[in-house]
Structure formats: C-alpha cells, structure tokens
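Biologist: Could you take me on a close look at one part of this chain, the helix that carries a kink, and then show me how other local features compare in kind? I would enjoy one connected account.

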Amino acid sequence: MADSWKVIVSSMSGGGKAGQEWTEIADRLEARGISYSVSFTKYRFHAREIATEALKEGFRQIIVVGGDGALHEVLSGIMTQSKVPSNKVTLAIIPVGSGNDWARLHEIPKGYDDVTDVIARGKSVVQDVAKVDSVMDGAPFTSYMVNIGGLGFDAQVCHNFDLEKKEGKATSDALYLKCLLKGFMGYDSRYFRIITDGNLFYEGDVFSVAMGIGKYSGGGMIQTPNALFDDGLIDLTVIKNIPKSKILRKIPTLFTGKIYDVKEVIHTKACLIEVSAEPESFVEVDGEAVGLSPIRVEVIPAAIRVITNL
C-alpha cells in the first residue's frame, strides 16, 4: 500500500460539494493512474479516525477531498498516532471547502483536472506543524496546526461559525460572512498576556491574535505575511486595542499583506508561544474551534510531507 493513496472525502465540505462531486474527482484520479482506496466521512472528527486507521493499514499517502477543517482533522490523526513518524506521511488536498487557505499557501489549484495533475506529478516538500494545547470543556485539549490559529476576534468568528455548523447548516461564504458580522458587532478587546520563547512579548488589551505556520486565513486574508512554512518558527501577529471604525478602514491591509503598516499591530516569530486572556478567549486552529485559553503553541519542525505546486 506504500504507493497507493488513501482518499478521505469530507462529505459535507463545501456545503456537501465534496461528496456530490466525488465521481468527477474519481474519474480524474483514475485517468492519471493514481491508485487509491476511498472512505467518506459520516460525522465530525471521522476524518481523523479514518486517517489513523489508514496508517495502521499501511497507507503512507493521504489525499483530503475537502477544506481546511477536513485537513485539520486528518493532520490530527497523523500527528497523534504512533505507527509511523509523521514526516514519513505525504499529505495532499483536493480543495472543495469554503476557505481553502492552506491550498492557497501551496498554490494548489481548484480545478479537478489541474489539482489531480499536481498530485500525479508528485512534487513534495516537508513543512512545519504546531502543537496547540488549549482547554476544552474544562479539560486539557491538544490539536495540531498546519496553517493558522488565533484568539480574540478571529476565534470568536470561528466559534460562531462552529455553532452554525453544529446546527446542521451547510458551510458557505454567506454563512461565514454572517458570523463575521455578528462577531464584529458583539466583540470587544480584552486583556491578554503573551509570552514568546519564555519572554514577555505583550501585556494589555488586544483585539485579535494570529499565529501562523502559513500566511492565509479567512478565505485569503494575510494576517501573518512573513510566515514561512519550513523555517522552524511560528509567526505571531497581535492587533492591540483599536477602534472599530479604524478596523473597517484598514480591512484592505488584511488582503494586501500590509497589516504590519497599521500602528496598532505588532509582530514577532517564536518557537513557543503562550497566551492567557481575561476574560478567557475562544481559540481556533486552522479555522476550527478548539476550546478556550490559556494556550501553549509549540512548533514541530519538518513534521509532515505535503504535495505542493510551488
């Protein structure tokens, strides 16, 4: 099975698009001679279970058909198993989600013909991952980050989005926009204490925090423009207390990579980041709600091999 791919179809990704269009995707894979075995998710976190079982069965290559959330689940399955070192596993994505920010990082195309060409070509790189320790339902919770995570406003939006998904609503850009507006109207800055590599980086009121292995989040926003996925460091962007009117004026900087030009924004790089908040903050990793602060985020260099189009 070492040369065969395990394909994990996140049935509800892209508002159900991943499951509905699987036949089209399968035709492209087969036309390119890509050998595979496929499984479909049936419930939340099922992708994680499928990935773990696939490695036990001998698969060392996994294709995720879905979005950032499905990718996050599969990564967690890879990172928490002990059958094989994570950097001996190759991960690829056929992006069918609503954001597809990790795919954007590696310039993975959306068209099924183009993306299966990229997978068939087989160009791969090793990239970092971050281990994120948070608190879920009053107990310690560990997740793994392949792209970007955050606290404050960013995490509040993801929390609202997660609640909508739990109610059975299909993910879409319109649903995300609804959660974004709801979060913006109801969220206020709070007190944060941020420690990087054992030293106090910032203490005070904060609107939002982003921590990145990658650059892109929220469907193309660039909150950590200097991030490199293989430098052994996590990029940290902190937006201090800022008037909401100014946030609205500065929205373009989020999409142009110029966020560091805003005077209320500070940034650094670190191997280890520790964050506490008062009151406690929601936490998101790769667009998925993963509980509450305090958090501890530590880089794992060269943790996973991925198919890239760079």
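Modeller: Happy to. Please keep in mind that this is a predicted model. Let us begin with helix H9, which covers residues 244-256. Where does the kink lie in this helix? The kink, of about 45°, is at Lys250, shortly before the proline Pro252. Several residues of H9 are buried, namely Lys246, Ile247, Thr253 and Leu254. Ile251 also has its place in helix H9, but Ile251 is partly exposed, because its relative accessible area of 34% falls between the 20% and 50% cut-offs. Just after H9 comes Gly257, with a positive phi of about 80°.

That glycine leads us to the backbone elsewhere. As a general point, most residues other than glycine have a negative phi, and most peptide bonds are trans. Which residues other than glycine have a positive phi near 55° here? Asp137 is one of them, with phi near 55°, and Asp286 is another, also with phi near 55°. Asp137 sits in the loop between strand E5 (124-136) and strand E6 (139-145), while Asp286 sits in the loop between E15 and E16. Is each aspartate buried or exposed? Asp137 is exposed, since its relative accessible area is 78%, and that is over the 50% cut-off. Asp286 is buried, because its relative accessible area is 6%, which is under 20%.

Pro279 lies in the loop between strand E14 (272-278) and strand E15 (282-285). Another cis bond runs from Ser293 to Pro294, with omega near 5°, and Pro294 is placed within strand E16 (residues 288-307).

Now for the aromatic rings. A pair of such rings is described by the distance of the centres and the angle of the planes. With centres within 6.5 Å taken as the limit, the count comes to five aromatic pairs. One of them is formed by Trp22 and Tyr36, edge-to-face, at 5.6 Å centre to centre and with 90° between the planes. This pair links distant parts of the chain, with Trp22 in helix H2 (residues 22-31) and Tyr36 in strand E2 (residues 36-40), 14 residues apart. Trp22 counts as buried because its relative accessibility is 10%, whereas Tyr36 counts as partly exposed because its relative accessibility is 22%.

Phe153 and Phe207 form another aromatic pair, this one stacked, at 5.0 Å centre to centre and with 25° between the planes. Here too distant parts of the chain are linked: Phe153 belongs to helix H7 (residues 153-166) and Phe207 to strand E9 (residues 199-212), 54 residues apart. Phe153 is buried, with a relative accessible area of 12%, and Phe207 is buried as well, at 5%. Finally, Trp22 and Tyr36 share one aromatic cluster with Phe40.

How values were computed: Residues numbered from 1 in each chain as written. Predicted model: local features only at pLDDT ≥ 70, side-chain atom pairs only at ≥ 80, totals over all residues. Heavy atoms only, no water. Phe/Tyr/Trp six-rings, centres within 6.5 Å; stacked < 30°, edge-to-face > 60°. Helix = DSSP H or I, 4+ residues; strand = E, 2+ residues; numbered from the N terminus. Buried < 20%, exposed > 50% of the residue type's maximum accessible area, 1.4 Å probe, protein only. Bend = angle between axes of the 7 residues up to and from the residue.
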